[in-house]
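Hi everyone, thanks for making the time.

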Amino acid sequence: RAAAHSPSVKLCRSPTPHRMAPGAHARHFPVSKMNNARLSPAALLASLVLVLGSGPGGYVAAIRASQLGLKVAIVERELLGGICLNWGCIPTKALLRSAEIYHYMQHAKDYGLVADGISADIAAVVKRSRGVAKQLNQGVTHLMKKNKITVHMGDGTLTAANKVVVTKDGKTEQISAKNIILATGARARDL
């Protein structure tokens with residue numbers, strides 16, 4: 001808190017004061033000096049925020065850091081959006097929605113409707129589910145570009161307090177960052 005009052009740190013109002021409850025006071029956030037062209041490349045890299053994992057926690061944190069003026073990079077092993085968006089929550093909800101519609105159609109008579117010959121095309125249901133996931137993945141990709149977030153695809157390994165090694169196809173890249181957010185999410189586990 002003391003650092004926020006030092007003369008070298010600029011403050012700005014929250015970008016969304018209109019969403020505050022009546023009587024609430026706007027919080028102040030430090031403004032990054034990333035737009036200062038006098039910073040050396042080493043200083044730019046040292047003030048980078050690196051997010052390890054691009055699931056719902058990771059990509060939202062990266063976007064918010066970028067909105068606050070910080071230089072941001074994100075590391076993802078497979079697809080932007082993580083397990084939830086690509087294989088877990090979202091595709092499952094799409095499958096459940098198809099099952100719900102099928103159930104309603106089977107009980108159309110209860111609603112005063114007639115629907116004969118109801119059947120399910122499982123391949124089409126799965127295709128729809130994958131399409132929903134793909135569309136949302138493309139949305140996250142667009143948000144990364146829109147917010148000028150550098151995306152590094154590969155396995156990220158935290159090797160020191162401020163260093164991550166990204167490995168993909170046998171090639172490695174070392175990234176140093178002043179701030180690292182671990183948002184590695186979850187993995188399915190066999191029981």
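Quick ground rule before the pairs: I call something a salt bridge when a side-chain nitrogen of Lys or Arg sits within 4 Å of a carboxyl oxygen of Asp or Glu. And keep in mind that this is a predicted model.

So, how many salt bridges do we get by this rule? The count is two. One of them pairs Asp155 with Arg77, and their closest N and O atoms are 3.1 Å apart. What I like here is where the partners sit: Asp155 is in strand S6, residues 155-160, while Arg77 is in the loop between S4 and helix H3, so the pair ties together parts that are 78 residues apart in sequence.

Arg97 comes out partly exposed at 40%, and Glu100 is partly exposed at 32%.

Okay, on to the sheet. What's the strand order? Reading across, we have S5-S4-S3-S9, an open sheet of four strands with parallel pairing. S5 and S9 stand at the edges with a single partner strand each, so one side of each has no neighbour in the sheet. On average, neighbouring strands are turned by 20° against each other, if you ignore direction.

Let me go through the pairings. S4 and S5 run parallel and are joined by four bridges, and Ile74 has Val151 in S5 as its bridge partner. S3 and S4, residues 72-76, are also parallel with four bridges, and there Leu52 partners with Val75. On its other pairing, S3 meets S9, residues 179-182, again parallel over four bridges, with Leu50 opposite Ile180.

While we're on S3, look at its side chains: Val49 and Val51 point one way, Leu50 and Leu52 point the other way, and all of them are buried.

S3, helix H2 (residues 56-67) and S4 form a right-handed β-α-β unit. H2 packs on the sheet, where it touches S3, S4 and S9, and its direction makes about 170° with that of S4.

Technical notes: Residues are numbered from 1 along each chain as its sequence is written. This is a predicted model: local features need pLDDT of at least 70, side-chain atom pairs count only at pLDDT 80 or more; totals for chains, interfaces and linings use all residues. Side-chain values use heavy atoms; hydrogens and water are left out. Buried means under 20% relative accessible area, exposed over 50%, partly exposed in between (1.4 Å probe, protein chains only). Helices (H or I, at least four residues) and strands (E, at least two) are DSSP runs, numbered from the N terminus. Two strands pair if DSSP finds at least two bridges between them. A crossover is right-handed if, with the strands pointing away from the viewer, the path from the first strand over the helix to the second runs clockwise. Axes are lines fitted to C-alpha atoms, for helices over the stretch in contact, and angles run from 0 to 180 degrees between N-to-C directions. Contact means heavy atoms within 4.5 Å.
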